[in-house]
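Visitor: I am new to protein structures. Could you show me how to read one?

Guide: Gladly. Let us look together.

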Amino acid sequence: MSVGDGKLTLTARRRTPRGTDGRRYPWTSGMVSTGRNSWNARPRFVFTYGYFEAAVRIPPQAGMLPAFWLMPASRHTPPELDVAEGLGSTDRIEMTVHWKGPAGEERTAAGRFGPVDFPAGHHVFALNWERDALTWYVDGEVRFRVTDPAKIPHVPMELLFTLAVGYPTVPPPGVDHARMSVDWVRVWQH
């Protein structure tokens, strides 16, 4: 992770670092959160309802999972709100709400948007999270909406940007790094 020229850059690199669990892993990658400095620390900034938007440029490399999302301050999911994820594609994004079903099982509802050459430049991804609706935007246009009360979370959440590696597919040979750029972020709490 780095900040320069007013932009946040999350970088994934092919390496073999040793994790805190003692195991070796094939990549390092980046994450930024409004939550906490460590897993057991007290949360810094959490939100319940609001309008969340960011100008994000996703990487062109295959095998990456760039994401702009919200996770409960409790760190227990679901619920989860994915503002934009490049899930297995660089020209389509997914906008997803995760919630618990009647038996405690995880359920999801997702919208997809594309094809768009998202790596060509920064695009504005946004979510308006209200008590009775979730509305997703891409570059100012409504792209997905959920109004079912059973699907809308009502718990404090932290905001995250992550660049994960290897889901749903591993990077192809020859891909040794990728970068996700965040030009700006805005949050208005309702």
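Visitor: How many nonpolar, polar and charged residues are in the lining of the largest pocket?

Guide: First, the model is predicted. Now the general idea. Rolling a probe the size of a water molecule over the atoms shows where empty space is left. Here, the lining of the largest pocket has 7 nonpolar, 4 polar and 4 charged residues. That pocket holds about 210 Å³ of space.

Visitor: Which residues lie nearest the centre of the largest pocket?

Guide: They are L65, D82, E85, L87 and Y167, out of 15 lining residues.

Visitor: Which strands each supply at least two residues of the lining?

Guide: β6 (64-72), β7 (80-85), β8 (93-100), β9 (106-113) and β13 (157-165) do.

Visitor: What is the order of the strands in the open sheet?

Guide: Read across the sheet, from strand to strand. The order is β4-β13-β6-β7-β8-β9, 6 strands with antiparallel pairing. β4 (30-33) and β9 are the edge strands, and each pairs on one side only. On average, neighbouring strands in this sheet are turned by 15° against each other, direction ignored.

Visitor: Over how many bridges do β6 and β7 pair?

Guide: They pair over 4 bridges, in the antiparallel sense. Across from A84 in β7 stands F68.

Visitor: How many helices and strands are there in the protein chain?

Guide: The chain has 0 helices and 14 strands.

Visitor: Why does the radius of gyration agree with a compact globule?

Guide: Compare two values. A compact globule of 190 residues would have a radius near 16 Å, and the protein chain has 16 Å, so the two agree. The C-alpha trace spans about 45 × 40 × 35 Å along its principal axes. Of the 190 residues, 46% count as buried.

Methods:
Residues are numbered from 1 along each chain as its sequence is written. This is a predicted model: local features need pLDDT of at least 70, side-chain atom pairs count only at pLDDT 80 or more; totals for chains, interfaces and linings use all residues. Side-chain values use heavy atoms; hydrogens and water are left out. On a 1 Å grid over the protein atoms alone, a cavity is a set of points where a 1.4 Å probe fits but cannot get out, and a pocket is an open set with protein on both sides within 12 Å along at least five of seven lines; lining residues have an atom within 4 Å of a point. Grid points are joined across faces, edges and corners, and a volume is the space filled by probe spheres set on the points. Ala, Val, Leu, Ile, Met, Phe, Trp, Tyr, Cys and Pro count as nonpolar, Asp, Glu, Lys and Arg as charged, and the others, Gly among them, as polar. Two strands pair if DSSP finds at least two bridges between them. Axes are lines fitted to C-alpha atoms, for helices over the stretch in contact, and angles run from 0 to 180 degrees between N-to-C directions. The radius of gyration is taken over C-alpha atoms; the globule rule is 2.2 Å times the number of residues to the power 0.38. Buried means under 20% relative accessible area, exposed over 50%, partly exposed in between (1.4 Å probe, protein chains only).
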